[in-house]
Amino acid sequence: MVLETVTQAQTATAGMLAAVRAGAVSVEELRAALDRSRVVKANVTAFQTEAAELIAERERHGDGGVEILAVSAGLPQHEAKSQVKTAEAIRKVPKLRDAVQAGEVPQANARRLADAINKTGAYAVASDAEFLEQASKMRPEQFTGTANRWVAVQQADNGVSEHARQRAARFLKFYDGEDGMVCMRGEFDKVTGTRIKNRLRQTAVRLLDADKKLPKAEQRDFNKCMADALQRCTVGTSRTADRAGAVSAATGKTGSSSIGSTDSDALNEDNAAADNGDAAGAGGSWLADITVLAHVDEGTGELIAELSDGSKLPPAVLEELSCNARWTGLVYDRVGDAVWRTRSRRTVTDTQWQTLLADYGGCFHCGAPAGMCQAHHIKPYSQGGDTSLTNLIVVCWNCHHKIHHHNWWIREHADGSHTLHPPDQASTRRYGPAHAEDPPATPRRQIRARDPAHPGEGRARDNRARAPTPATLW
């Protein structure tokens, strides 16, 4: 019975295609047919997914039908998996499932709704009629931001749990393709993924523009430029070349304040800064460009931050980004027009970074090399801390993450040195068991006596001045 119905559908769709190719159909009829074909496509997608799920259940495949769907529908594994997860989620909201099958809600918007169901629960989505109506009326490009903002409002922890989930699920893997090419696939949290994407796109655009001077046959398309941009960021190029068009991390606009800048004026300003020897990224390395919108909530007085697509940022993530960003202040009138704007550079200069490297050599806590490090404000910039050497230390990515996301704290000693301590030690102010004494602090500048038997060990590692490493992606 099902096979006969599918055969009839196959014949009908073939007739549809033949009629279009014949060219004997009016524009009005084509428009009406396109509207109805969306329902056909939605039903076919639902049939493929549910049929694959049923086969997997009866044969105990254990993957929910992902493999069957990928093979039968000719889909990549990740797309088949997404389709199965979407079907499972929207099934919890019958009226949403019916709207998707009727073609009233685009499949892309259905994926966003499924994600919202998984994060906030089926009841929250089903009970918000306005949200479901937006899913049926908005284009997928518009609804993505709306859905992200809706989920952020529903979550009571300011997006902390969602960011933690994304961080825990991140991965990057390489595998060999059938044609001998090396393939790469990965998933990142929203902040990291956006920074990587924007950094590569920015470099790719510059490469694409540079190719316009070459003969047509030698010009690269955008995808090839993206691949070459990744190569430049990972293999490395001259620091000056990477500066010419990079923009430091984070920007946005709100009623009170925002971070960084991504417009053309900012690009020109950063190029000028590069010519003057100023570092736009923390620690003298370029960071990926990212837009962050920040404003003060009128009711609570809290600083609220989100990405340009509506993804809400936890306070700890905002604080971490603020370490290496530039703030742009904007004031809007009641109708939403910007009436005041200012910009202040707050990242370390090349001179400051060189001095910090001379003092520390690498991460002040674990000793990680300078290429993995950034400058960190001991007293946060958002709390009035200034960008001066007395308020700056060198931290690696791992230690930086501990400070902002796991409440590790920095202790300053009488000699000007600093040590990093776990959060459970904060009340005792001890490094180790509560009854133990603090270990001797390591001064920022330390010179060991030369050993005649080992003349090459005359200077401590953390007193070596190191040249800045090439620009890094992260």
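Just after helix α17, Asn407 takes a positive phi of about 60 degrees, where helices (H or I, at least four residues) and strands (E, at least two) are DSSP runs numbered from the N terminus. The model is predicted, so that local features need pLDDT of at least 70 and side-chain atom pairs count only at pLDDT 80 or more, while totals for chains, interfaces and linings use all residues. Residues are numbered from 1 along each chain as its sequence is written, and side-chain values use heavy atoms, with hydrogens and water left out.

- Lys402 lies over the face of Trp408, at 4.5 Å from the ring centre; a charge sits over a ring if NZ of Lys or CZ of Arg is within 6 Å of the ring centre and within 35 degrees of the ring normal.

**The chain as a whole**

- The secondary structure of the chain comes to 17 helices and 11 strands, and buried residues make up 38% of its 474 residues.
- Of the contacts in the chain between residues at least 6 apart in sequence, 58% join residues at least 24 apart.
- The chain exposes about 26400 Å², of which carbon and sulfur atoms supply 54%; accessible areas come from the Shrake-Rupley method with a 1.4 Å probe, and for residues only the protein chains shown count as cover.

- Strand β4 (residues 292-296) pairs with β5 in the antiparallel sense over 5 bridges, two strands being paired if DSSP finds at least two bridges between them.
- Ala294 stands opposite Ala305 in β5, and in this hairpin, which has 6 residues between the strands, Gly301 takes a positive phi near 80 degrees.
- Because 4 of the 5 residues of β5 (residues 303-307) are buried, this strand is largely enclosed by the rest of the structure.

- The structure holds 2 aromatic pairs, for which rings of Phe, Tyr and Trp (its six-membered ring) must have centres within 6.5 Å, and planes under 30 degrees apart count as stacked, over 60 as edge-to-face and the rest as tilted.
- One of the pairs is formed by Phe131 and Phe143, which are stacked at 5.5 Å centre to centre with 25 degrees between the planes.
- Phe131 lies in helix α8 (residues 129-137) and Phe143 in helix α9 (residues 140-154), so this pair ties together parts that are 12 residues apart in sequence, and both residues are buried.
- The rings of Phe131 and Trp150 have their centres 4.2 Å apart and their planes at 5 degrees, so this pair is stacked; the pair links Phe131 in helix α8 with Trp150 in helix α9, 19 residues apart.
- Both Phe131 and Trp150 are buried, and ring pairs link Phe131, Phe143 and Trp150 into a cluster.

- In helix α5 (residues 94-101), the buried residues are Leu96, Ala99 and Val100.
- Seen down the axis of α5, its buried residues fall within an arc of 100 degrees, so they line one face of the helix, and what covers them includes α2 (27-59), α4 (77-90), α6 and α8.
- Gly103, which follows α5, has a positive phi near 80 degrees.
- Arg111, which lies in helix α6 (residues 107-120), counts as partly exposed at 32% relative accessibility.
- Leaving aside neighbours within four places in sequence, Arg111 is in contact with Ser82 and Thr86, while Arg111 and Ile90 are 21 residues apart in sequence and 8.7 Å apart in space, C-alpha to C-alpha.

**Thr349**

- Thr349 lies in the loop between β7 (338-344) and α16 (350-360) and is partly exposed, with a relative accessible area of 26%.
- Thr349 and Thr387 are 38 residues apart in sequence and 9.4 Å apart in space, C-alpha to C-alpha.

How values were computed: Buried < 20%, exposed > 50% of the residue type's maximum accessible area, 1.4 Å probe, protein only. Contact = heavy atoms within 4.5 Å. Arc of directions from axis to C-beta.
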